[in-house]
Structures are given as C-alpha cells and as structure tokens.
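I open this notebook page to record what I looked up on charged side-chain pairs and on one pair of packed helices.

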Amino acid sequence: MANDAPPRWDRRMQQRLARGEAAALAELYDRFASLVHNLAYRVLEDETAADRVTREVFGYVWENPDAYDPQQGSLRSWVAMLTHSQAVHRLRTAHSASADGGTLTAEAMEERIREASVAARADYIVTSMPAPLRAALELAYFDRRDYRQAAAALGVTEDEARRRLRLGLQLLSTAHAQPPRAVSPPGYGRAL
C-alpha cells in the first residue's frame, strides 16, 4: 500500500520539475510509473502501446509541469487523467487508422472504451482515496477479510472498519457514473 503524497509534496514536485531537475522526474517516475502503465494497459490491452503511453505521459509532464494545477487535485490524479486521455486517444486513433476500420464495429469500439473508462476510473478512485479507506478495501478484497478482521488488522473499532469499507465502496461505485468531460491540456490527446 502506497502512502498518500501530501499536497505539499505535489507543489514541491511541480516546482522541481519546472526548474528542470532530472532527479524530480526520476522520483515522479518511480512513484507513478506503475499507475500510468497499468491504466494505459487497461485501456489499450497492449504492453507495447502502454509502454509508449507511459513514456508520452512522463514526457508531457516533464515538458509542461506548469499545466498541473494543485488547486484542481493531486498530482497523482492529474497524471492519471493524462494517462487515461492519451490511452483513449491512442485506442481511437488505432481503430480509425486501420484500413478496414478495425475488427470492431464503431459501437463495439465505443463499448470497449466505456468499459476501459469505467475500469480506469475505478483504478483512479482507489488510488486517489484516502489511505485509511484504501487500506480497508484492500484488506477486504485482496486478503478476503471481513470487517472484524479488517478492524483488528487496522487497529480500529469494528464500527470504524465498517464505516471505512462502506465509504470506500460508495466511492468505488461512482466509477460507473459518467464523469464530466475533462478538458485536455493544449497539445495533449494526440500523439506526442
């Protein structure tokens, strides 16, 4: 379980990137590369394409650190949004570029994008939720623990464990909701 990065870390990271510190990019990559790659792979279902999107996202962050606005959310959230936008763009581009329009119909392609978007939003919600909620969900889902066992493992009351699980599941259930259309940064959403 990764620790949540405090907003102070986000602002400092943005400042370091703006100064051109290569070590900042390396630190950012170490922290978020698996998130970026996994989100891209979930949309594209292709390792090579996910690797390419990962490079493009970190390249964009390196070249445009001021495009991130800490007032709009965490750096992790912003990087996830960039990843999802670029992966969906690549999927649509690959589909329309194929000579026969691809093996999928336009409706099937849009359904695949919707499914990948829901999965990506679910990943994003889980990675963005506060650490206590995420820890409770991980114990319940991955370790197959009930709320009593989760409470003991987390060192909280059973009522608190139930509250965390309920709130975490409520947040996760919003993945099916249609998100507001995110506006991509200028120059983003196309091959970088």
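**Salt bridges**

I started with a linked group and found that Arg16, Arg19, Glu21 and Glu27 are joined in a network of salt bridges, where a salt bridge is a side-chain nitrogen of Lys or Arg within 4 Å of a carboxyl oxygen of Asp or Glu. I noted that this is a predicted model, in which local features need pLDDT of at least 70 and side-chain atom pairs count only at pLDDT 80 or more, while totals for chains, interfaces and linings use all residues. Residues are numbered from 1 along each chain as its sequence is written, and side-chain values use heavy atoms, with hydrogens and water left out.

I then asked how many salt bridges the structure holds. The structure holds 9 salt bridges.

I looked up Arg90 next, and its salt bridge is with Glu56, the closest N and O atoms being 2.4 Å apart. Arg90 belongs to helix α4 (residues 75-97) and Glu56 to helix α3 (residues 47-63), so this pair ties together parts that are 34 residues apart in sequence; helices here are DSSP runs of H or I with at least four residues, numbered from the N terminus. Is Glu56 buried or exposed? Glu56 counts as buried at 9% relative accessibility, with buried meaning under 20% relative accessible area, exposed over 50% and partly exposed in between, for a 1.4 Å probe and protein chains only.

I also recorded two pairs within single helices. Glu111 and Arg114 meet through their side chains in a salt bridge (3.0 Å, N to O), and they sit 3 residues apart in helix α5, separated by about one helical turn. Glu111 is partly exposed at 33% relative accessibility, and Arg114 is partly exposed as well, with a relative accessible area of 45%. Arg163 and Glu160 form a salt bridge (2.6 Å, N to O), both lying in helix α8 (residues 158-173) at a spacing of 3 residues, about one turn of the helix.

**Helix α2 against helix α5**

I checked the axes of helix α2 (residues 22-44) and helix α5 (residues 106-128), which come within 8 Å and cross at roughly 160°; the axes are lines fitted to C-alpha atoms over the stretch in contact, and angles run from 0 to 180 degrees between N-to-C directions. That makes α2 roughly antiparallel to α5, a label given to angles over 145 degrees.

Technical notes
Parallel < 35°, antiparallel > 145°, perpendicular 65-115°, else oblique.
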